[in-house]
Structures are given as C-alpha cells and as structure tokens.
Amino acid sequence: MSADGERLTQALANRLSLNTNLIILCGHYKGIDERIRTGLVTREISIGDYVLTGGELPALVLIDAVVRLIPGVLHDGESLLNDSFQDGLLDAPQYTRPAEFRGMKVPDVLLSGNHADIERWRQEQRAQRTQERRQDLLENK
C-alpha cells in the first residue's frame, strides 16, 4: 500500500480477485524501505489522494473490495453486477421497509411487482445519479 501507488478502482479490484494469493505490505508513518519497494514489490496501490499514518487501513479497504468479489463470499453473487462502478455508473437508490418513513415513501414502481418497470427505473436512476454526482465517470466511458 502506498500513497503514490496506482489508485484502487473497481476494475483493479476485479482483476486482483482473480489471483490465488496476494501479499500486502503496509508501511507505517513514512512507508516501506525503498530497497523493498524496488526489489520485491510488484504493484503499489493507493486508496486515494490523502495520507494516513499507516498502510493497515488501506490494506483493509483493499481486502474488503477484493474478497467480496470471490464467488461464494456474498450470498447473492449476481448483485455484484449492479454495484456502483462495475459498469461505470453509480448504483440506484436503495430502499428498505417500512414503505413510508417520516412522510417519505418508497417509489411506487418499486412496490408494483413489475420487474421490467423496476429494472428500467433502476437504470434511469443510475444514469441520473451518476450525471448529478460523478460526471467524471461518464467522461471516462
């Protein structure tokens, strides 16, 4: 883990999840000895443009991003296909029960039982949310 490494993305997590083994080195305070970086490290990964006191938290972020992609880790592996960033879009809004909370209602389409309408609504929401919050994702498509 390194502040000046390649930025962790969903695409990178997808690729790393295909590996049989990963060894993660975590420096503390000032990083890892340069001789180790140049002589043994095959890839350096950053979780963002900021600095932490050590590489332990970035390692946990990397582990969580990768492990959840391993078949059988999540109950519904198909749900991974709709996660934010898998196809360059953010995920649609999520709703749980009750159907009304503090005067805010779950959209009627989600209660309709019409799976085609629900999927269409989710795709529209994903595109709209990405446009509003992360236009940079659309520019990279």
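**Grounds for the terms**

Modeller: This is a predicted model. Its largest pocket has a volume of about 850 Å³.

Biologist: Which residues line the largest pocket, and which elements contribute?

Modeller: The lining consists of 35 residues, with Met1, Ser2, Leu25, Glu44 and Ile45 lying nearest the centre. Strand S2 (45–46) and H3 are the elements that give two or more residues to this lining. By class, 18 of the lining residues are nonpolar, 12 polar and five charged.

Biologist: What is known of the second largest pocket?

Modeller: The volume of the second largest pocket is about 440 Å³. Its lining has 17 residues, and Leu8, Thr9, Gln10, Ala11 and Phe85 lie nearest the centre. Helix H1 (10–16) and H3 each give two or more residues to that lining.

Biologist: Why is the aromatic pair of Tyr95 and Trp121 called tilted?

Modeller: The planes of Tyr95 and Trp121 stand at 50°. Under 30 degrees would count as stacked and over 60 as edge-to-face, so the pair is tilted. The centres are 6.5 Å apart.

Biologist: What makes this a link between distant parts of the chain?

Modeller: Tyr95 lies in the loop between helix H3 (56–67) and strand S3 (100–101), whereas Trp121 belongs to helix H5 (residues 115–133), 26 residues apart.

Biologist: How do you know whether Trp121 is buried or exposed?

Modeller: Trp121 has a relative accessible area of 13%. Buried means under 20%, so Trp121 is buried. Tyr95, at 41%, falls between 20% and 50% and is therefore partly exposed.

Definitions and conventions:
Residues numbered from 1 in each chain as written. Predicted model: local features only at pLDDT ≥ 70, side-chain atom pairs only at ≥ 80, totals over all residues. Heavy atoms only, no water. Phe/Tyr/Trp six-rings, centres within 6.5 Å; stacked < 30°, edge-to-face > 60°. Helix = DSSP H or I, 4+ residues; strand = E, 2+ residues; numbered from the N terminus. Buried < 20%, exposed > 50% of the residue type's maximum accessible area, 1.4 Å probe, protein only. 1 Å grid on protein atoms, 1.4 Å probe; cavity = no way out; pocket = protein on both sides within 12 Å on 5 of 7 lines; lining within 4 Å. Points joined across faces, edges and corners; volume = space filled by probe spheres on them. Nonpolar A, V, L, I, M, F, W, Y, C, P; charged D, E, K, R; others polar.
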